Amino acid sequence: DNLNNVENKNLLRFKEIFDKISDYTPLNFSYQNGFLYFTNLENNHIYSLDLKTNKAELLSNNKVGNFLVSNKFIIYQNLNDNSKLYALKTDKTHNVKLTDTSVESFIALNNEILFFDANNNNILSALNLLTETIESYNNIVGHNLKSDSRNIYFVSSESLNKLYSLNRDDLT
């Protein structure tokens with residue numbers, strides 16, 4: 001009965017019953033170190049939500065597409081800048097542009113960010129964060145890049161939208 005009174009689009013935490021923890025309507029979210037990071041459906045801005053206090057804080061006025069949280073940074077598509085990649089420190093002290101090209105999807109891999117370059121026929125590219133150089137893999141064209149601890153997954157644009165996997169070590 002209590003479930004019928006809870007709006008499905010709000011953030012909830014399960015205890016004995018569901019507890020509403022925010023009035024925001026999240027589009028995407030990620031958890032790290034006691035915080036939920038989410039984009040608000042109403043404005044596509046990114047927020048952090050402290051799960052101890054349930055206090056939400058606006059992190060950027062940029063409109064955010066896909067994002068991931070890696071250590072103390074949020075890597076995100078900046079929709080205000082044609083889906084180019086940006087990095088935002090979770091404490092809001094650092095916000096920089098990472099690519100001059102639009103990005104279809106991306107993942108973090110060690111000291112690199114792999115992405116499908118939307119300005120270059122969705123060719124897989126790798127941004128080395130240490131050297132700030134980009135390497136392209138012209139033989140891999142696709143979209144919807146994902147990863148787990150061992151493999152990279154993507155949908156190939158050249159093979160009738162078939163799903164492919166690639167071992168992380170095979171990129172070299």
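My entries start with the overall picture and then go into sheets, salt bridges and cores.

**Ground rules**

I'm working with a predicted model, where local features need pLDDT of at least 70 and side-chain atom pairs count only at pLDDT 80 or more, while totals for chains, interfaces and linings use all residues. Residues are numbered from 1 along each chain as its sequence is written, and side-chain values use heavy atoms, with hydrogens and water left out.

**Overall picture**

Helices (H or I, at least four residues) and strands (E, at least two) are DSSP runs, numbered from the N terminus.

Next I checked burial: 43% of the 172 residues are buried. Buried means under 20% relative accessible area, exposed means over 50%, and partly exposed is in between, with a 1.4 Å probe and protein chains only.

The protein exposes about 10,300 Å², and carbon and sulfur atoms supply 43% of that area. These areas come from the Shrake-Rupley method with a 1.4 Å probe; for residues, only the protein chains shown count as cover.

I also looked at contacts (heavy atoms within 4.5 Å). Of those between residues at least 6 apart in sequence, 22% join residues at least 24 apart.

**The open sheet**

In what order do the four strands of the open sheet sit? I read it as 3-4-5-6, with antiparallel pairing. Two strands pair if DSSP finds at least two bridges between them.

Strand 3 (26-32) and strand 6 (55-60) are at the edges with a single partner strand each, so one side of each has no neighbour in the sheet. The twist averages 25° from one strand to the next.

I zoomed in on strand 3 and strand 4 (residues 35-40), which are antiparallel and share six bridges. Tyr31 is opposite Leu36 in strand 4.

**Two hairpins in a row**

Strand 12 (residues 123-128) and strand 13 (residues 133-147) run antiparallel and are joined by six bridges. Ile123 faces Val141 of strand 13 across this pairing. The two strands form a hairpin with four residues between them, and Glu132 in the turn has a positive phi of about 60°.

Strand 13 also pairs with strand 14 (residues 151-156), again antiparallel, over four bridges. Here Gly142 is opposite Ser156 in strand 14. This pair is a hairpin too, with three residues between the strands.

**Salt bridges**

Side chains of opposite charge can pair when their charged atoms come close. The rule I used wants a side-chain nitrogen of Lys or Arg within 4 Å of a carboxyl oxygen of Asp or Glu. How many salt bridges does that give? The count is four.

Lys92 pairs with Glu57, with their closest N and O atoms 3.1 Å apart. This links distant parts of the chain, 35 residues apart: Lys92 is in the loop between strand 9 (84-89) and strand 10 (95-109), and Glu57 is in strand 6. Lys92 counts as partly exposed because its relative accessibility is 41%, and Glu57 does too, at 37%.

Lys97 and Asp81 form another salt bridge, 3.2 Å from N to O. They are 16 residues apart, with Lys97 in strand 10 and Asp81 in the loop between strand 8 (73-78) and strand 9. Is Asp81 buried or exposed? Asp81 is buried, because its relative accessible area is 15%. Lys97 is partly exposed at 37%.

Lys97 also meets Asp100 in a salt bridge, 3.8 Å from N to O. Asp100 counts as exposed, at 63%. I then traced a network of salt bridges linking Asp81, Lys84, Lys97 and Asp100.

**Nonpolar cores**

A nonpolar core is a set of buried Ala, Val, Leu, Ile, Met, Phe, Trp, Tyr and Cys residues joined through side-chain atoms within 4.5 Å. The largest has twelve residues, including Ile107, Phe116, Leu124, Tyr137 and Phe154. Strand 10, strand 11 (112-117), strand 12, strand 13 and strand 14 each supply at least two residues of this core. Which strand gives the most? Strand 13 does, with three residues.

Apart from this core I found another, of ten residues, among them Val64, Phe67, Ile74 and Tyr86.

Technical notes:
Axes are lines fitted to C-alpha atoms, for helices over the stretch in contact, and angles run from 0 to 180 degrees between N-to-C directions.
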